[in-house]
Amino acid sequence: MAEGLKVRAQQNSTEPSRRASFCLALTIVLALGLRMMVSILLHPLRIGWDIALHLMCAALICQGKLPYVDMFDVNPPLIWYINTIPASLANLLNFPVTLTFNFFLLFIMVISGLMCFYVILTKLERKDLFVGSGIVLGLLLFNFFLTVDFGQREEIFVLLFIPFFFLRLARWSGCPISRREAVLYGLVGATGIFMKHYFILNFIVVELFFLLASKAKTFGDRLKPVFTAEILTLCVFGGLYAGHFLLMPAQVRHNYFDFLLPAFSKGYYFWDTTVPNCMAVPTKRNVFLLFTASGALAFSMLRVYPLLGPLISFSLFGIVVYLIQFKGWAYQDIPVMAGGFMLGGALLGALVSWIVVRLKHKKNAASIAAYSLSVIVAGTCLVSASEESNQVSSLPRFDMSVLGYGGSAPMEDINTPFTDLILANTKAQEPIVFISNAVSPGFPIILQLRRSPASRHLHVCILSVLRYISEIEPKDAECKRLMAYEPKVVAELGEDISKTRPKLVFLQDQPIKSDYLKPYNFEQKYLSGYKQIDDIAGFSVYKLATPAGVPASPAATQASPGGAATPTNPARLPSPATGAAPATPPSPATGVAPATPLAPGSPAAPAPNVGVQNGK
């Protein structure tokens, strides 16, 4: 009996109490959540270009528009369906859609953290608490370092998949899981997995790791965790998502499956880059160095903490998926970055556990450690929030009443070479159009300034794709069929301009104006009622001729009360990244994280909105 009491005392000293465990879990989630909320409130208009494009598609769907008919983009529609939630809230509350989206993503972050901790606290062994807490800390912390990629599908995938990952870890460990828990976690995981077909590969690799690492005696016993409620839920979700295309109007199916998907499957190589550009650029190199360092150390602890094995597998395969795409775009390595942060957090947790074991003769050492970590996390978030608030308060402000909203935002979040011109010549909700073979610079500025797209072609990446496949396979029958769509795309673009009569048209000089549209006499045919008024950052700017007796719109740019005046338009230098494709196309991913990581608390660092990104 005395021996049993001694063992229990040792266990109590190395494992935190239930109250201390919950305190640590809630502190990590709430402190980091509140810290992110501060940053979001300080930057209500901040957003990246790809994310803005998906939000615009969601907003158009909320208006009753049809995907691939009333707005064209090649991405599968699940992200648009998800984004109808923040888009609808923005309309209902008259808030900037950028703000409601960032709050929506914050909600996903908090839910992800809570769902992970639920499994850690109720299913997994208590000895894994600090390591598991470190993983969740890394899961939430990496979001602060994404700069203009805050809100990418890769980020949302990680946030939705990791709770599912923990449940599957519990399932393969033999922990009891109720049907409700399985269905709930299955739905969350499926939503992330099916946003992009590459994510299905991440899921399959993790499951293969679990299967191969299983210690079940027979192969049948090994397969039992595969046939479970959460896997069935995932399969049903995927089947319904695939099947919903059959219920779409015929024109939607035709445009997507007969035109956009075949064209981009052949022409996606237009944006291919080199291995050095994928790996050697400092900002990208740091991501892989972080994962390599944390992963190498985590390998040494697999015997003590087996849960690190599938996490290493998930992160390592993220590199494979990144290289398969071969584009070098920063957002595509987000799963690798998240894996590096989570493994780094696990290492910190393992260090805390090691210290607690060495102090097991101290009463309640583990609980004291949990409470101490809670104080450190909360204090760090508080100091970081104060620093960012002081920094942002000194920046020039933009009065959002110009857009029909209350409050103000840092001018640098919307400061592009085109901002002043748009504000001076158009009003909120009026149409403008950027004719560019990249998502940027049309997005995010159209969304940020509450303008509407004047054409169903939100960008014309498709023209570059068609030209590319016509050059590599000019005699191929399928390529000829797809090239027949080029005149139709140009005609639709012109017809939309003739119908909506946008006050401003931004036409990319290279390659759109000079190469793609010139054979169609686009300017003479569709822009005859416009006057070219400027040439900015590689774009010819056309303004709709002002009818006689109607004064031009006054400049809408103004300073917020008590704030510094809005800066004038920056120097109009030629853009170094206009989306043109030289003989060897450069990587169009210009929205990468800075070389020096941001301090925690900046989910989307101020960055020029002028860049090239195709957003696929």
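The following conversation goes through some labels used for this predicted model and the values behind them.

User: Before we start, what should I know about the numbering and the model?

Analyst: Residues are numbered from 1 along each chain as its sequence is written, and side-chain values use heavy atoms, with hydrogens and water left out. As this is a predicted model, local features need pLDDT of at least 70 and side-chain atom pairs count only at pLDDT 80 or more, while totals for chains, interfaces and linings use all residues.

User: Happy with that. Why is Ser455 called buried?

Analyst: Buried means under 20% relative accessible area, exposed means over 50%, and partly exposed is in between (1.4 Å probe, protein chains only). Ser455 has 6% relative accessibility, so it counts as buried. You will find Ser455 in the loop between E4 and H20.

User: And why does Asn277 get that label?

Analyst: Asn277 has a relative accessible area of 18%, so it is buried too. This residue sits in helix H13 (residues 275–279). Across the protein chain, buried residues make up 57% of the 616 residues.

User: What makes the pairing of Asn277 and Thr273 a polar contact?

Analyst: A polar contact is a pair of N or O atoms within 3.5 Å; within protein, one must be able to donate a hydrogen and the other to accept it, and residues adjacent in sequence count only if both atoms are side-chain atoms. The side chains of Asn277 and Thr273 are joined at 2.8 Å.

User: Which residues is Ser455 in contact with, leaving aside its neighbours within four places in sequence?

Analyst: They are Val433, Leu493 and Asp496, where contact means heavy atoms within 4.5 Å. Arg467, in helix H20, touches Met483, Glu486, Asp515, Tyr516 and Pro519, not counting residues up to four places away in sequence.

User: How do you know that E3 and E4 pair, and in which sense?

Analyst: Two strands pair if DSSP finds at least two bridges between them. Strand E3 (residues 431–435) and E4 have two bridges, in the parallel sense. Pro431 stands opposite Ser452 in E4, and Ile432 stands opposite Pro453. Strands here (E, at least two residues) and helices (H or I, at least four) are DSSP runs, numbered from the N terminus.

User: Why is E3 described as largely enclosed?

Analyst: Four of its five residues are buried, so E3 is largely enclosed by the rest of the structure.

User: Which helix gives the most to the lining of the largest cavity?

Analyst: That is H12, with three residues. Helix H12 (250–267) and helix H20 (461–472) each supply at least two residues.
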